[in-house]
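User: I would like to learn how to read the packing features of a model, taking them one at a time. Could you go from the general idea to the particular case each time?

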Amino acid sequence: MPEINIDRSLSFIEGTQRVLDENNTLERTKDKLKSIGVTRIASITDLDRLGIPVFSTIRPSAAEGAISVYSGKGSTETQARISAMMEGFERCLAERQGLNENVKENISSIHTIDSYDNLSGNGNAINPPSLLIAENYDPQALIEWIHAWDLLKNEETFVPANSVYHPYDEPGRTLKLFRSNTNGLAAGNTIEEAIFHGLLEVIERDALSTAEFGRNPGKEIILTEEDGENYEILRKFTDNEVAVKLWALNHDTEITTVVAVTDDVRLKDAALLVMGAGAHLKPEIAVRRALTEAAQSRVVQIHGAREDTEREKFVREIGYDRIKRMNKYWYEDGEQISMKDLKDLSKTTPAESIDVIAGQLKKVTDSAVVVDLSRENVAVPVVRVIIPGFEMYTLDRERVGKRAKSGPRKKMTPQERPWRKGRRR
């Protein structure tokens, strides 16, 4: 059965948004890495001059079409190590049974092949166009479906398997709807923790997609010494001649999503014009995630080990000046705010936190679907969260929904276009 019962007795450790502290999480998780085929985990922090912790995890048994090198970030080495490890669990359990040597059992949810018209006539099913399909779609076409749980409606539903597994190859005569991705994949100490972070990731990508599509970064966050750890992390960038712009993105919920956009003014390297993003009920954590993910993005570009860094070749061909021109909205000054202007919605338990997010989502959508990807032989909970209608332009430029298109969009000037090398005389 796909029903997910949230344990309301669980609490976050005081002063944190986790049910276990870092050391306990590490101890409970590190011995399970062999079960997913991880052969190495190592610090790659020293590849960059910032000193913000970044770790790398290697998993050679990844399915064909998936990456096998993952990275993680944090404000401490333990956080970064856990982050890299958790990404390994997420990626492994998002793969279908039989595509790697580690996943030997299927997920517990029912799989079926049917048309939307037929399936929805006999029960609940997510309408595929709500998942932002770029191609024409026939509701009588055969699709592979997975039984799931809708958190907002508190009912069972079917969701296309294409939105659950990654990588995804459609079986038999079924239709592939779009390129699969990892949006909404999350691992945790408990399934509640995983659901919480999966929801936040989908919201983060939605806010970022809308900002990128409309070329509107929102409001600029200015940190001061009063902001403590986040200010100290920011100083690691600025003291090393890496300029940072922090943006609080616009969104139709009150959940904070922050983007940190960086420019290495010493090296002026196009590949190091990178960003990081984070969403959280607690704004301080959203800022910290954005800053540490920006540091991770720098190290990943320097490391060059991940198989999905085609971006590096692309941006270096275009060049530093033109990349900045085409993305100048991220680098211009904006309306300034401070941390006290961001609303803290955080709670003391995972259940309450999920409730807050659900309440915010009901302003925008009537569905938020969770599929439990956990397997008995891999003792770390992993879920996939899918929110129909939420944008993912930042992941797939072909998939743009009504919410992004309905907002104002600032067009690129001729000088900002990536193919323009310079003004004609």
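User: Which residue lies over the face of Tyr393, and at what distance from the ring centre?

Analyst: Bear in mind that this is a predicted model. Arg397 is the residue that lies over the face of Tyr393, at 4.2 Å from the ring centre. Another case of this kind is Arg403, which lies over the face of Phe390 at 4.6 Å from the ring centre.

User: How many aromatic pairs are there, and how should I read one of them?

Analyst: A pair of aromatic rings is described by the distance of the centres and the angle of the planes. The count here comes to 4 aromatic pairs. Take Phe213 and Tyr393, whose ring centres are 5.3 Å apart and whose planes stand at 85 degrees, so that the pair is edge-to-face, given that an angle over 60 degrees counts as such. Phe213 belongs to helix H4 (residues 191-214), while Tyr393 sits in the loop between E14 and helix H11 (402-406), so the pair ties together parts that are 180 residues apart in sequence.

User: Are Phe213 and Tyr393 buried or exposed?

Analyst: Phe213 and Tyr393 are both buried.

User: What covers the buried residues of H10, and how many of its residues are buried?

Analyst: Helix H4 is included in what covers the buried residues of H10. Of the 12 residues of H10, 9 are buried, so this helix is largely enclosed by the rest of the structure; among the buried ones are Pro350, Ile354, Gln360 and Leu361. As for its geometry, at 1.5 Å a residue H10 (residues 350-361) should span 16 Å, and its end C-alpha atoms are 16 Å apart, which agrees.

User: Which residues have the most contacts inside the largest nonpolar core?

Analyst: Those residues are Phe89, Val159, Val371 and Leu373, in a core of 41 residues. Several elements each supply at least two residues of this core, including helix H3 (116-121), strand E5 (142-150) and strand E14 (382-386), and H2 gives the most, with 6 residues. Apart from this core lies another, of 29 residues, among them Ala186, Leu199, Val356 and Val385. Leaving aside residues up to four places away in sequence, Phe89 touches Thr29, Lys32, Leu33, Ile36, Ala187, Val378, Val380 and Val382.

User: How do strands E10 and E11 run, and how many bridges join them?

Analyst: In a regular strand the side chains alternate between the two faces of the sheet. Strand E10 (residues 256-264) runs antiparallel to E11, and 6 bridges join the two, with Thr256 standing opposite His280 in E11. Strand E11 (residues 275-280) is mostly covered, since 5 of its 6 residues are buried.

How values were computed
Residues are numbered from 1 along each chain as its sequence is written. This is a predicted model: local features need pLDDT of at least 70, side-chain atom pairs count only at pLDDT 80 or more; totals for chains, interfaces and linings use all residues. Side-chain values use heavy atoms; hydrogens and water are left out. A nonpolar core is a set of buried Ala, Val, Leu, Ile, Met, Phe, Trp, Tyr and Cys residues joined through side-chain atoms within 4.5 Å. Buried means under 20% relative accessible area, exposed over 50%, partly exposed in between (1.4 Å probe, protein chains only). Helices (H or I, at least four residues) and strands (E, at least two) are DSSP runs, numbered from the N terminus. Contact means heavy atoms within 4.5 Å. Two strands pair if DSSP finds at least two bridges between them. Rings of Phe, Tyr and Trp (its six-membered ring) pair if their centres lie within 6.5 Å; planes under 30 degrees apart count as stacked, over 60 as edge-to-face and the rest as tilted. A charge sits over a ring if NZ of Lys or CZ of Arg is within 6 Å of the ring centre and within 35 degrees of the ring normal. The expected span of a helix is 1.5 Å times one less than its number of residues.
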